[in-house]
Amino acid sequence: MLKVFIDEFNAADKVAGELSRLLFTPPVFLCIGSDRVTGDSLGPIIGELLSTAAPVYGNLAIPVTALNLVSVERQIRMTHPDRQIVAVDSAVGNPSDIGSIRVFAGGLKAGEAMGKNLPEVGDVSVTATVCAKSAKALSSVRLGLVYNLAQKIAAAMKACCREKNAAAYFRTCLKQTGSDNI
C-alpha cells in the first residue's frame, strides 16, 4: 500500500507508479461519491477530469452512489470483463491523515463513514482522506482541498492509462505479427 500526502514532491508520480505496479490490464475507473456533499465529491470530480482517459463510471452528471453502486459494478464487470476496476472514493480518518492519498490492492467499502453496509468494490483502490472521522464533517470540507486531491489523482491515473494502453497496444501488435516474446 502506498500513502502519500498531496503536498509531497512528486505525489502524482508516486501514485501513478503504484497504480502501474498493481494493474496488469488497462483500467476501468469507478468513481464513487455524491456531488451533493463537498467531502464526498472527490470521485465525481475525478470522473469529470478523466472523461477521455479510459472508461469511467461516475462523474458530476451521473454519480455512482450507494443507490446504484452494486448495479454499476455489475455492469462494468459484464461490459469490461478483461479489465481491472480501479475504485476511487473519499475517506475520513485521523486529523493527521487529512490530505493523504492511499493506493492499495483490493476493493474498498464505500459509505462506511456514513454507516452504510455496502459490498467491497474494485480490484485496486484509491482513497483520499478529506476530513476527520465524522459523517457530519463531510459536508464542511473545503472544496479546494477536494479539488486539489482530485487533480493530483486524475493526473496520476491519466499517466497510468497512457502506460497501460501503450503496453496493451504493443501486446496486440506482437500477437498480430506472431511474436509472443513478452
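Leu 143 lies in helix H4 (helices, H or I, of at least four residues and strands, E, of at least two are DSSP runs, numbered from the N terminus). The model is predicted: local features need pLDDT of at least 70 and side-chain atom pairs count only at pLDDT 80 or more, whereas totals for chains, interfaces and linings use all residues. Residues are numbered from 1 along each chain as its sequence is written, and side-chain values use heavy atoms, with hydrogens and water left out.

Leu 143 is exposed, at a relative accessible area of 51% (buried means under 20%, exposed over 50%, partly exposed in between, with a 1.4 Å probe and protein chains only). Leaving aside residues up to four places away in sequence, Leu 143 touches Thr 38, Ser 41 and Ile 45 (contact means heavy atoms within 4.5 Å). Its C-alpha atom is 9.2 Å from that of Leu 42, 101 residues apart along the chain.

The largest nonpolar core comprises 38 residues (a set of buried Ala, Val, Leu, Ile, Met, Phe, Trp, Tyr and Cys residues joined through side-chain atoms within 4.5 Å). Helix H4 (143-177) is one of the elements that each supply at least two residues of this core, and H4 gives the most, with nine residues. Val 126 is among the residues with the most contacts inside the core; the residues Val 126 touches include Leu 19, Val 86 and Met 157.

Six strands form an open sheet of mixed pairing in the order E1-E5-E6-E4-E2-E3 (two strands pair if DSSP finds at least two bridges between them). The edge strands, E1 and E3, each pair on one side only. E2 and E3 run parallel and are joined by two bridges.
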